[in-house]
Amino acid sequence: GTVNMAYLACYVCKYINGVAELHTKLLKESVLPSFSEIYPDKFQNKTNGITQRRFLRLCNPKYSALITELLGSDEWINDLSRLKELEKFAQNKDVLDRFIEIKKENKKKLANYIRLKDGDSFSPDFIVDSQIKRLHEYKRQLLNILVILELYFEIKEKSLNDFTPTVFIFGAKAAPGYDRAKGIIKLINEVKRLVEADEYVSRFIKIIFVSDYSVSYAEKIIPASDVSEQISTAGTEASGTGNMKFMLNGALTLGTFDGANVEIAQLVGKDNIYTFGASSDEVIAHYKNADYCAKDLYENDEMIKKCVDFIVSDELKQYGDEENLSRLHHEIISKDWFMTLLDFKEYIKVKEQALADYKDRAAWGRKMLINTAMAGFFSSDRTIRQYN
């Protein structure tokens, strides 16, 4: 007496498209294996794309002008594959310095915009580490803020003075009925107030949760960002396009092997991306075998336990909603459906490495240029041509 709409769609349609290489693989092997067996020719891949007219030319005019100058024409606006020609400038110090200077100017613009819109700001000398996307457990904003807490402890307790000052920018909206997502937004803002109240730590860490996040806000954040946080649980993000927008504007991806991150890693090479975490196969195996236990990780790792328990500490409760904090604490330990704790240790190690690497400005500039140069594949022009 029921109709499965996805199965009906698979039966009647001409083609079944995944929206990233990994997504197509998962559709064929895990989500719709019986249909893949019956109709192998129906399954195709169409990796998502973005429009360079908006997400580079419009939102980052100085960067665009430099690219046009270096390439000798603005043909890249309609043929993004031309960006690959930027590779030849990867060792050119003058070019890299100009790329770096434009990034700093974009940081100043973003700082001013945040000051006007939200009454908050940051120093343009800080690294800009951004996670902007829908607030959802599988995107793991919770993992990000827990690791920022660990950084807070390290700076505070060890009096680290060589930590590269970083602003962690969050932009997100939660669905109206999604209480857990709203709870995570509250937690991020409570940790923000905690950091701001610490005179020493606040010299090195700044947290900003922008209000009323939108495409217009993204157009300011993306050109100013150095690090692009793409940390979803492997196998849960169909593709994502924020990672492509950041890459196009010279930000380095810090992410899991999920969605289009896999293809970004293939294009830029391991030296120009920061990857970590369990693979989609490992995550799927955990779900299948029901053998992931957050409580085991919590009880057997001092660092994880410290960060999770701090959520219900008196120190944090003074900034937040005690009921919400207690509920989040309980659900991380007892459920953690999207495996927040699974990649915790590797994530903080790789995050600290990225922030340390930033100190070598010339090397970081090369990584930035390579990311832009390899972004041509992710134009929506290519995606649309494939669909046509």
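1. Asparagine 249 counts as buried in this predicted model, because its relative accessibility is 1% and the term applies under 20% relative accessible area. Asparagine 249 is located in the loop between α10 (242-248) and β7.

2. A polar atom of the asparagine 249 side chain lies 2.9 Å from the backbone oxygen of lysine 245. Leaving aside residues up to four places away in sequence, asparagine 249 touches Phe55, Leu56, Cys59, Asn60, Tyr63, Lys103, Ile222, Pro223 and Thr372.

3. Which residues does threonine 253 touch, not counting residues up to four places away in sequence? They are Ser228, Gln230, Asn261, Ile264, Ile273 and Tyr274.

4. A separate matter is the packing of two helices. Helix α7 (residues 141-158) packs against helix α17 (residues 344-357) at an angle of about 65 degrees, and their axes are 10 Å apart. The crossing of α7 and α17 is right-handed. On the α7 side, the contact is made by Leu143, Asn144, Leu146, Val147, Glu150, Leu151 and Glu154; α17 contributes Phe344, Tyr347, Ile348, Lys351 and Glu352.

5. How many residues of the contact of α7 with α17 are nonpolar, polar and charged? Seven are nonpolar, one is polar and four are charged.

Note on methods
Residues numbered from 1 in each chain as written. Predicted model: local features only at pLDDT ≥ 70, side-chain atom pairs only at ≥ 80, totals over all residues. Heavy atoms only, no water. Axes fitted to C-alpha atoms, helices over the stretch in contact; angles between N-to-C directions. Helix = DSSP H or I, 4+ residues; strand = E, 2+ residues; numbered from the N terminus. Left-handed = near helix turned anticlockwise from the far one by under 90°. Contact = heavy atoms within 4.5 Å. Nonpolar A, V, L, I, M, F, W, Y, C, P; charged D, E, K, R; others polar. Buried < 20%, exposed > 50% of the residue type's maximum accessible area, 1.4 Å probe, protein only. Polar contact = N/O pair within 3.5 Å; in protein donor to acceptor, adjacent residues only side chain to side chain.
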